[in-house]
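Subject: Structure for you to look over, with notes

Dear colleague,

I am handing over the structure below, together with my notes on what was found in it. Please read the notes with the model open beside them.

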Amino acid sequence: MSTDYLVVGCGLSGAVMARFMAEERNKKVLIVDKRDHVAGNCYDYIDENGIRMNKYGAHLSHTNSERVWQYVNRFSSWTRWEHKVLGVIDGHYIPLPPNITTINMLCGQHLTNTQEADDWLSRNQLKHEHIDNGYQMATSRVGETLYKKIFKHYTFKQWGGTQRNWMHQC
């Protein structure tokens with residue numbers, strides 16, 4: 001068999017390129033992959049009970065592009081997923097990463113819009129001449145109060161150290 005293109009690896013990128021070359025450019029494409037399926041880590045299948053399973057774990061796709069959304073819907077139906085992350089802080093479920101609601105809940109504020117949140121942050125952010133570590137980076141963005149409530153203990157739990165020395169450990 002004669003081919004115009006060889007695509008090695010048939011994950012998302014390889015599959016999209018192979019499809020494009022075959023359908024849009026009318027080229028003969030041979031795809032090879034070390035796995036026995038296409039789609040790479042995004043591969044899913046229907047198990048013996050009729051349940052869709054993600055062989056390599058769940059994957060989320062994010063886009064604001066109507067063109068991209070129309071493209072992917074040509075090949076499969078998609079299930080809408082709204083990802084929300086909550087952390088338990090001071091005994092309350094708090095949205096993360098920090099947003100207006102986070103500031104209001106943790107800092108006793110009543111902010112109602114982005115401008116008010118930006119003003120609050122600019123008053124609370126610590127100004128560092130040079131950013132030398134994770135502590136300085138975090139406090140330069142969210143201030144000392146949110147740093148202590150959100151990042152300080154999380155960083156210790158995740159990495160076994162404080163953000164003051166985290167950048168130096170990397």
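Is Glu144 buried, partly exposed or exposed? Glu144 counts as partly exposed, at 22% relative accessibility, where buried means under 20% relative accessible area, exposed means over 50% and partly exposed lies in between, with a 1.4 Å probe and protein chains only.

Before the rest, some words on the basis. This is a predicted model, in which local features need pLDDT of at least 70 and side-chain atom pairs count only at pLDDT 80 or more, while totals for chains, interfaces and linings use all residues. Residues are numbered from 1 along each chain as its sequence is written, and side-chain values use heavy atoms, with hydrogens and water left out.

Salt bridges

Glu144 is joined to Lys148 by a salt bridge, with 3.8 Å between the closest N and O atoms; the term stands for a side-chain nitrogen of Lys or Arg within 4 Å of a carboxyl oxygen of Asp or Glu. Both residues belong to helix H5, where they are four residues apart, about one turn of the helix, and Lys148 is partly exposed at 44% relative accessibility. Helices (H or I, at least four residues) and strands (E, at least two) are DSSP runs, numbered from the N terminus.

The whole structure was searched for such bridges, and six were found. One of them is between the side chains of Glu23 and Arg74, at 3.7 Å from N to O. Because Glu23 lies in helix H1 and Arg74 in the loop between helix H2 (66-72) and S5, this pair ties together parts that are 51 residues apart in sequence. Glu23 is partly exposed, at 49% relative accessibility, and a network of salt bridges links Arg19, Glu23, Glu24 and Arg74. Another bridge holds Arg52 and Asp44, whose closest N and O atoms are 3.1 Å apart; here Arg52 is exposed, with a relative accessible area of 52%, whereas Asp44 is partly exposed, with 28%.

Aromatic rings and cysteines

Three aromatic pairs were found in the whole structure, where rings of Phe, Tyr and Trp (its six-membered ring) pair if their centres lie within 6.5 Å, and planes under 30 degrees apart count as stacked, over 60 as edge-to-face and the rest as tilted. The pair of Tyr43 and Tyr45 is stacked, because the ring centres are 6.2 Å apart and the planes stand at 25 degrees. Tyr43 is partly exposed, with a relative accessible area of 24%, and Tyr45 is partly exposed at 31%. Tyr135 and Tyr147, by contrast, form an edge-to-face pair, with 4.9 Å from centre to centre and 85 degrees between the planes, and both Tyr135 and Tyr147 are buried.

A ring also takes part in a contact with a charge: the charged end of Arg35 sits over the ring of Tyr56, 4.1 Å from its centre, a description that requires NZ of Lys or CZ of Arg within 6 Å of the ring centre and within 35 degrees of the ring normal.

As for disulfides, defined as pairs of cysteine sulfur atoms within 2.5 Å, the structure holds zero. Cys42 is in no disulfide, the nearest cysteine sulfur being that of Cys10, 12 Å away. Cys42 is partly exposed, with a relative accessible area of 32%, whereas Cys107 counts as buried at 18%.

Backbone details

Leu96 and Pro97 are joined by a cis peptide bond, with omega about 0 degrees, and Pro97 is placed in the loop between strand S6 (92-96) and helix H3 (100-107). Asn26 has a phi near 55 degrees, a positive value in a residue other than glycine; Asn26 belongs to the loop between helix H1 (12-24) and S2 and is exposed, with a relative accessible area of 68%. For Asp90, too, phi is near 55 degrees, a positive value in a residue other than glycine. Asp90 is in the loop between strand S5 (85-89) and S6, and counts as exposed at 52% relative accessibility.

With regards
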